[in-house]
Amino acid sequence: MAGPLTHEKDPIAMSVVTTSLADVASSDAALRAFLHGLPGVDRVGADQRAAMLGTRSIKTTAKAKAIDLAISMVDLTTLEGADTAGKVRAMCAKAVHPGGEAPRVAAVCVYPDLVATAVAAVRGSGVKVASVATAFPSGRSSLEVKVSDTALAVAAGADEIDMVIDRGAFLSGHYLKVHEEIVAVKAA
């Protein structure tokens, strides 16, 4: 990605960063400076907005539409060591036909070895298949294992990969390692 890493309508962000991704990803120090230079959340403003919204009366029809919208954005997920093809098929059936007038969910999320089962179960429904990859849940594995994990899920038909970064590397300030892993996994 070339060009500025700013939002054109946000003067604070514009003053913080006006450099290319290549420059930012040149070293741990450059990534650290970029990350620590990002503006924070306006906590007071967010709290005030939430308090104001909490006092508003919302009509029943609007509530129903909001709930349906929320359901249509959800990923049903099973990420247990005891997951089986049967459990994934049952979850996929619930994703496609949740019951009543409820809409389908956006996606189902499974481990890479169960992607093919999920793909077959939701075929033609519009429900996507997501898969965790990259040594879920810790992200602590070699890059080769992470890329292989991702490639297996994609080959099996996953529409989306939920990547787990190496949190230990990130928290230790090894931002360049994390960036390089993200780039390699995205390529896979």
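Gly 124 follows helix 7 and has a positive phi, near 80°. The model is predicted.

**Helix 7 and its partner.** Helix 6 (residues 85–96) packs with helix 7 (residues 115–122) at an angle of about 35°. Their axes lie 9 Å apart. The crossing of the two helices is right-handed. Helix 6 brings Ala 85, Val 88, Arg 89, Cys 92 and Val 96 to the contact, and helix 7 brings Thr 117, Ala 118, Ala 121 and Val 122. By class, this contact holds seven nonpolar residues, one polar and one charged.

**Buried residues.** In helix 7, Val 115, Thr 117, Ala 118, Val 119 and Val 122 are buried. Thr 117, Ala 118 and Val 122 are buried and also belong to the contact with helix 6. The buried residues of helix 7 pack against helix 6, strand 2 (107–110), strand 3 (128–133) and helix 8 (143–155).

**The largest pocket.** The space in the largest pocket is about 190 Å³. Eleven residues line this pocket, and Leu 31, Leu 35, Tyr 175, His 179 and Ile 182 are the closest to its centre. Helix 10 gives the largest share of the lining, four residues. Ten lining residues are nonpolar, one is polar and none is charged.

Key
Residues numbered from 1 in each chain as written. Predicted model: local features only at pLDDT ≥ 70, side-chain atom pairs only at ≥ 80, totals over all residues. Heavy atoms only, no water. Axes fitted to C-alpha atoms, helices over the stretch in contact; angles between N-to-C directions. Left-handed = near helix turned anticlockwise from the far one by under 90°. Contact = heavy atoms within 4.5 Å. Nonpolar A, V, L, I, M, F, W, Y, C, P; charged D, E, K, R; others polar. Buried < 20%, exposed > 50% of the residue type's maximum accessible area, 1.4 Å probe, protein only. 1 Å grid on protein atoms, 1.4 Å probe; cavity = no way out; pocket = protein on both sides within 12 Å on 5 of 7 lines; lining within 4 Å. Points joined across faces, edges and corners; volume = space filled by probe spheres on them.
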